[in-house]
Number of protein chains: 2
Amino acid sequence: MRLTSKGRYAVMALVDLARFNGINPVSLRDISLRQGISLDYLEQIFSKLRKKEIVQSVRGTQGGYILNKKAKEIKLTNIFDAVDEKVKTVQCKKESKKGCNGKSTKCLTHNLWDELETHINNFFDKKSLDDLVKENFERRL
Amino acid sequence: MRLTSKGRYAVMALVDLARFNGINPVSLRDISLRQGISLDYLEQIFSKLRKKEIVQSVRGTQGGYILNKKAKEIKLTNIFDAVDEKVKTVQCKKESKKGCNGKSTKCLTHNLWDELETHINNFFDKKSLDDLVKENFERRL
DNA sequence: TATAAACCTGACCAAAATAGTCAAGTATCA
DNA sequence: TGATACTTGACTATTTTGGTCAGGTTTATA
């Protein structure tokens, strides 16, 4: 089981954005420099975040991104969803008519992974971007 | 984030083994047939399980494997540990002297992954092999 | 004691996913 | 009109995964 860095970068970038979120949009270039994430990669990530309406883009000089909702309303689940970072457990549905392993029943661990998914998602559902900003900078927005 | 099937197979095989655990050892061949897991792959997995003393092997004709502890005492954490299925989150320690991303401080999500790891491990610490056997076969061993 | 069942080990490999890079735009503000 | 910044899509090297394959060793039993 691994957590990929795409999800991690997305969260880092958004915490950074949330922190500097104000009157002016924040450019990806600034985020790239502060967080040490390649600009090209950030663009990929923010493209997805924009499509899921987590951020808004502002084009042109002095453009950049702003949060589309309050930091408190953006849950980590939303972020991971946006960048296709899901908790993928068992792919028991490949041959849809059969159960796992091509047998006629569910595999012995089927329910286990379902429970785990729920467990993890609960964790991410509770955490908001605002929580992370507070934890890191010890101040309210 | 993904869960690999090695961990899943290990759990499946052990649930099967726990169910048929009795006077005679259970052969990998039987497990392979019942669970639809390749024999070669099972051997790799059981080699690791044996090293971590989760199972014992019995050689020779009529040989096979038996559980080394009571099913109730084998937690899923132990199983995943044995097959190197860990919750790997951030590898912030690559350049050990620096923080994440080569910066001097921890990355903004460092604590988050720590918390998540704890959260997931709590889940696996609570679940025992015996729980899974009961869930699947609705009877006590 | 021969033999077959079963364990044991390590090397090897194809496919998929990851973690990006690169190139070529388009939009918009100053 | 030029600079800045977003936008998109193709491409790719590396790593991981999910196994297979070959060649053993051990031991119960016929």
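Reply: A contact means heavy atoms within 4.5 Å. In chain A, 64% of the contacts with a separation of 6 or more are between residues 24 or more positions apart. This is a predicted model, in which local features need pLDDT of at least 70, side-chain atom pairs count only at pLDDT 80 or more, and totals for chains, interfaces and linings use all residues. Residues are numbered from 1 along each chain as its sequence is written, chains are lettered from A and ligands numbered from 1 in the order in which they are written, and side-chain values use heavy atoms, with hydrogens and water left out.

Me: What makes Lys127(B) buried?

Reply: Buried means under 20% relative accessible area, exposed over 50%, and partly exposed in between (1.4 Å probe, protein chains only). Lys127(B) has a relative accessible area of 10% and is therefore buried.

Me: Why is Glu115(A) called partly exposed?

Reply: The relative accessibility of Glu115(A) is 31%, which lies between the two cut-offs.

Me: How do you know that Arg34(B) and Asp16(B) form a salt bridge?

Reply: Their closest N and O atoms are 2.8 Å apart. Asp16(B), at 2% relative accessibility, is buried, whereas Arg34(B), at 30%, is partly exposed.

How values were computed: Salt bridge = Lys/Arg side-chain N within 4 Å of Asp/Glu carboxyl O.
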